[in-house]
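Biologist: I would like to learn how to read a few features of a model. Please give the general idea, then the case at hand.

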Amino acid sequence: MRKARRHREELGEVIEVFADRPGPKTVTGIVLGWVLFTGLTFINPGETPLLAVAPGIIFAVMLGLILLYLSGERLIVCERGMLVGSIAPGIRPYAIPYQQITPGSIAGVAGANRYLKEVGLQGQLAQSTLRASWWTKNGVHFVACSAEDARRGRGRFTLALDPIPRSIDGRWIWFAATGRQSAKSAIETIARTASAAGYPQLAQAALDRGVVELTGNPEDAHRQMPGHPPVRRDGVR
């Protein structure tokens, strides 16, 4: 909420928060990693009890910080727009007013673990505007301003993660994860707040499109997620 208050004047009050946290498998993997690393230190333990347990404590802190940053992803719906991105310490989310979102481009997404494959970005570096992890199940797709604009001039070192415009109208494609929470709930909240903020066309188009279950087939991206260019016969978008 503290980070959302920075944008209160522009976006208004927070209406609802959707969190995308690591699932049980990821958390279990981190715990097993700690057990493994700690166990290895006891093969040749320190000369004193303190030195023997110190590596385990250090590994716990390191892996705890990793889990903290992995758990920071949010979609925060406000009265006049959205905040998208991580709220982990030292990181600020991107601010996107409704007036900067292309009407008709909002779509709820289920099967979001297939998102990167469907948009042709599987195996590539993470991007500022695509907030999806391997455990992500649901989310919201839309077309809006650039990541640089949404940062409000901060975080210049993240420019390396900013994508080029990929939408058919020369704008930027975004994906905001809602975790295990329903994408339908996110769409309804966005539509309700957008309509109240004076953007009924944006709201109604979002409700009409609703939620799509991704196939993972790149040829379906332009039909399921507005703004994506169709794949040409040679396989290029």
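Modeller: Start with burial: a residue is buried under 20% relative accessible area, exposed over 50%, and partly exposed in between (1.4 Å probe, protein chains only). This is a predicted model, where local features need pLDDT of at least 70 and side-chain atom pairs pLDDT 80 or more, while totals for chains, interfaces and linings use all residues. Numbering runs from 1 along each chain as its sequence is written, and side-chain values use heavy atoms, without hydrogens and water.

Biologist: Is F42 buried or exposed, or in between?

Modeller: F42 is partly exposed, because its relative accessibility is 45%. F42 lies in the loop that joins α3 (24-41) to α4 (49-70); helices (H or I, at least four residues) and strands (E, at least two) are DSSP runs numbered from the N terminus.

Biologist: Which residues make the nonpolar surface patch?

Modeller: F42, L50, V53, I57, V61, L65, L68, Y69 and I91 make a patch of about 810 Å². Patch members have over 30% relative accessible area and no salt bridge; like charges are joined within 9 Å, nonpolar side chains (Val, Leu, Ile, Met, Phe, Trp, Tyr) within 5 Å. The areas are Shrake-Rupley values with a 1.4 Å probe, and for residues only the protein chains shown count as cover.

Biologist: How many salt bridges are there?

Modeller: A salt bridge is a side-chain nitrogen of Lys or Arg within 4 Å of a carboxyl oxygen of Asp or Glu. That rule gives six. Among them is R8 with E13, at 3.4 Å from N to O; R8 is partly exposed at 37%, as is E13 at 39%. D220 and R223 form another, with closest N and O atoms 2.4 Å apart, and D220 is buried at 15%.

Biologist: How far apart are K184 and E188 in helix α7?

Modeller: They are four residues apart in α7 (residues 183-196), so about one helical turn separates them.

Biologist: In what order do the strands of the open sheet run?

Modeller: Strands of a sheet pair through backbone hydrogen bonds, either parallel or antiparallel. Here four strands form an open sheet, β1-β2-β3-β4, with antiparallel pairing; pairing requires at least two DSSP bridges between two strands. At the edges, β1 (14-20) and β4 (94-97) each pair on one side only. Six bridges link β1 to β2 (residues 73-78) in the antiparallel sense, and F18 stands opposite L75 in β2.

Biologist: Which helix packs on the sheet?

Modeller: α7 does, touching β1, β2 and β3 (81-86), where contact means heavy atoms within 4.5 Å. The direction of α7 makes about 155° with that of β1. Axes are lines fitted to C-alpha atoms, for helices over the stretch in contact, with angles from 0 to 180 degrees between N-to-C directions.
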